[in-house]
Amino acid sequence: MSSLPLPRSASAIRPATAADAAGICAIYNHFIAIAHYSFEEAPVAVADMETRIANATCWLAHADEDGAIAGYAYATPWRTRSGYRFSAEASVYVKEGREGQGIGAALYRQLIDELEGRGVHAVMAGIAQPNEASVALHERVGFEKVAHFREVGFKFGRWIDVGYWERILAAKS
C-alpha cells in the first residue's frame, strides 16, 4: 500500500483553459530556467501558452482549492502525417515543492482516460536523461522504455540524452 498522500481531490483535475496559462507558465518557466528537462531556453509568454493550450489534443490542470495550479499534463499529436493520427505525445509537470503528493500520477491517469476516450492507441513520452523521478512516474502509470537517443538535445552547455517511453492504450473508439 502506498504511503504517498493523495492530491487534495480528484475533482481538482479539470480541462485547462486560457485562464490557467499564467499558472502553467509559472511552473514551466521555472523548469526552463533551472532544469534540462525542457529544451526550451527562453521563458514562454502567457499568450503563447494560451495558444498551446488551445491547440493541444488534451490539456489538464490540477488546481488547488484556491485555484492555484499545482501541476498539469497534456498531449499533442505524435506526428503530423495521417498514419500517426492514433498516437500522441504526453508530458506532465508538477510545481516545485508539490512533488511526491500523487499529483503527477493522478494527472496522467486522467489524461490517459481522456486519450482512450478519444481513440488514441499509443502515447509516447520523451524524458531528458537523467531524470529518475520522471522515469519512475511514467513506469508507475504503465509506460515502458522503448528508445534511447544519445546527445540529441543541448542545453546549459552540454549534450543531453533523451529516452522515450510508450504506453499502448485500450482506445474506446
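Which residues have the most contacts inside the largest nonpolar core? Before we get there, a word on what you are looking at: this is a predicted model, in which local features need pLDDT of at least 70, side-chain atom pairs count only at pLDDT 80 or more, and totals for chains, interfaces and linings use all residues. Residues are numbered from 1 along each chain as its sequence is written, and side-chain values use heavy atoms, with hydrogens and water left out.

Let's start with the overall layout. The protein has 4 helices and 7 strands, arranged along the sequence as β-α-α-β-β-β-α-β-α-β-β. Here helices (H or I, at least four residues) and strands (E, at least two) are DSSP runs, numbered from the N terminus. The radius of gyration is 16 Å, close to the 16 Å that the globule rule gives for 173 residues, so the protein is as compact as a globular protein of that length. That radius is taken over C-alpha atoms, and the rule is 2.2 Å times the number of residues to the power 0.38. Of the 173 residues, 45% count as buried; buried means under 20% relative accessible area, exposed over 50%, and partly exposed in between (1.4 Å probe, protein chains only). Among contacts with a separation of 6 or more, 64% come from residues 24 or more positions apart, where contact means heavy atoms within 4.5 Å.

Now to the opening question. The largest nonpolar core has 28 residues, and those with the most contacts inside it are L107, Y108, L111, L115, V123 and F143. Such a core is a set of buried Ala, Val, Leu, Ile, Met, Phe, Trp, Tyr and Cys residues joined through side-chain atoms within 4.5 Å. Two or more residues each come from β2 (58–63), β3 (69–77), β4 (87–94), α3 (103–117), β5 and α4, and α3 gives the largest share, 8 residues. Leaving aside residues up to four places away in sequence, V123 touches A88, A90, L115, F143, W165, E166, R167 and L169. There is also a second, separate core of 20 residues, which includes I27, I32, Y72 and Y93.

Next, look at a pair of helices. Two packed helices are described by the angle between their axes and the distance between the axes. Helix α1 (residues 21–34) and helix α2 (residues 46–55) pack at about 105°, with their axes 9 Å apart. That makes α1 roughly perpendicular to α2, a label for angles of 65 to 115 degrees, while under 35 is roughly parallel, over 145 roughly antiparallel and the rest oblique. From α1, A21, A22, I24, C25 and Y28 meet V46, M49, E50, R52 and I53 of α2. At 6% relative accessibility, D20 counts as buried, and beyond residues up to four places away in sequence it touches R14, P15, A61 and I69.

Finally, the backbone has a few details to inspect. A cis peptide bond joins Q129 and P130, with omega about 0°; P130 is in the loop between β5 (122–129) and α4 (132–140). E151, in strand β6 (residues 144–155), has a positive phi of about 50° although it is not a glycine. E151 is partly exposed, with a relative accessible area of 44%. F156, in the loop between β6 and β7 (158–168), also is not a glycine and has a positive phi of about 55°. At 48% relative accessibility, F156 counts as partly exposed.

How values were computed: Axes are lines fitted to C-alpha atoms, for helices over the stretch in contact, and angles run from 0 to 180 degrees between N-to-C directions.
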